[in-house]
Amino acid sequence: MLLEAQHIEQSFGERHLLDIPLLQVYGNDKIGLVGYNGAGKTTLLDILSGDRSSDDGNVRCFCPIAYAKQFDETETQDVSLTALSGGERTQRRIWDALLADTPLLFVDEPTSNLDIYAIQQVEKALYNYSGALILISHDRTLMDVVCNKIWELEGGKLLVYDGNYSDYMRQKEVQRQQENQAYNQYRSEKSRIEASIDHMGSRAGRLKKAPSRMGNSEARLHKRSTTQIQGKLFRGMHALETRLNKLDKLERPEDIPVVKMDFSKTHPPTARIVVSCKDYQLIVGETNILAEDVTLTLKTGSKTAFVGGNGTGKTSLIKNIMDKNDLSLDNGIRIAPKVRFGYFSQDLDVLDPAKSILENVMFTSVQAESIVRTILARLMFRRDDVHKTVSVLSGGERVKVLLARIMVSDANVIILDEPTNYLDVYAMEALQQLLLNYEGTLLLVSHDRQFLINLSDRYWIFDDNTIQQVEAPYTLE
């Protein structure tokens, strides 16, 4: 055993964030720590590392720990780091922690701001790490390769699952099916008992008094018989009511709402190709040529992923495609009639912080409010949550609001530039399913490999001053 923590409790105001009776880390553990944004994952690592004190409980660590944080405040005091990009700083934190070569390593979001190729280098290093590991990540492929155990943090409680992330998801699905089965059995037994109680009550009520023409002795016998039968019925009803009260009351498992948008309201283009370019040259500024002799076609209804390292021109190509809306520009790209773009970037300023989630999404929606609420529910904004003002939301929550807003707008070609940044794994799973059901055309930029593999039917590969078009399947190496 390398680390043991007992009775860890942590609250922020009235919110009880952590309530963990016991956790243990052993020498061969490669642990993926998952949970919703704000569930307390980073807080837990800070407590286990000794960087933060918990309200209650104790941590015993029997070895040195290296900790690669997602945000390191000490970096702001290091002048040598000011010239580094976010991705370069992330890599430096990870390599410094790995070089410490401690028996126990904590890593918080090691793929932030990294391109696919840098992520694969980090993945290989963590896979080959000889010590134990606790990893917070939204990269499902990384957790599949590296982890042999998953810790799920929800409602302050910590649940342990053996296996990698895919194993964890399979176990969660079995658990969900078992919960549905148990609830259906509970409902069936409850209905059966209630029907029996109603039937007995009805029988007892139908037992008549003795007819007036009946003699006194006969009437006494009739009354005695009726009383006996009613007594048996009432005792049976009481026994059934006791059994009903002793049933373990189960709440209905939450259904995953099905989204069915009316895509005709976006007036989709009738052309087979919505975006195309031939012998195209991608230039940044006046002279910086990023790609030459490019021929690409974006089919109507397709889901196309951009793949390439940072600085290869993915965002520049998106900008040129979007600029084609300005008919005064001739940038070598052709756009089909009736195409309307919906564009997601990390600029969240388009949201009105003073208005509610629902108001922000409905502002540009062509879909019914019921559809909007269903999409928001899939993104974990349920019931009265939709009336929260945007000003109180976290960065990840604002990303989800903007994604929902774009999906229900009149756009029929959606361009998503890094939509998975700041999303937890559950939000990514939900977004992935929403986009799989989307009937329009998608252009995707993401460094999350599982997200791209699950969604894409073709890829635009940015490499060596070229952009190649490749049909799925394609190995993201």
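Analyst: Two strands pair if DSSP finds at least two bridges between them. In this predicted model, strand E1 (residues 3–12) is joined to E2 by nine bridges, and the two run antiparallel. One of the residues involved is serine 11, whose bridge partner in E2 is histidine 16.

The sheet as a whole has three strands in the order E2-E1-E4; it is open, and the pairing is antiparallel. Strand E2 (15–25) and strand E4 (56–61) are the edge strands; each has a single partner strand, so one side of each has no neighbour in the sheet. From one strand to the next, the twist averages 20 degrees. In general, strands of a sheet pair through backbone hydrogen bonds, in either a parallel or an antiparallel way.

Helix H1 (residues 41–49) lies across E1, E2 and E4, and runs at about 50 degrees to E2.

Next, the helix H7 (residues 314–323). Its buried residues are Lys314, Leu317, Ile318, Asn320 and Ile321. These residues are on the same side of H7, because they cover an arc of only 160 degrees around the axis.

As for the nonpolar cores, the largest has 47 residues, and the ones with the most contacts inside it are Met261, Ile375, Leu376, Ile414, Leu435, Leu444 and Leu452. Helix H10 (residues 395–407) gives the most to this core, namely seven residues. Another core, of 27 residues, lies apart from the largest one and includes Val34, Ala68, Leu105 and Leu114.

A search of the whole structure finds zero disulfides. The cut-off for a disulfide is a pair of cysteine sulfur atoms within 2.5 Å. For cysteine 63, the closest cysteine sulfur is in cysteine 61, at 4.3 Å from its own sulfur, which is too far for a bond. Burial is assigned under 20% relative accessible area. Cysteine 63 therefore counts as buried, at 15% relative accessibility, and cysteine 277 counts as buried at 9%.

How values were computed: Residues numbered from 1 in each chain as written. Predicted model: local features only at pLDDT ≥ 70, side-chain atom pairs only at ≥ 80, totals over all residues. Heavy atoms only, no water. Buried < 20%, exposed > 50% of the residue type's maximum accessible area, 1.4 Å probe, protein only. Core = buried A, V, L, I, M, F, W, Y, C linked by side-chain atoms within 4.5 Å. Helix = DSSP H or I, 4+ residues; strand = E, 2+ residues; numbered from the N terminus. Axes fitted to C-alpha atoms, helices over the stretch in contact; angles between N-to-C directions. Contact = heavy atoms within 4.5 Å. Arc of directions from axis to C-beta.
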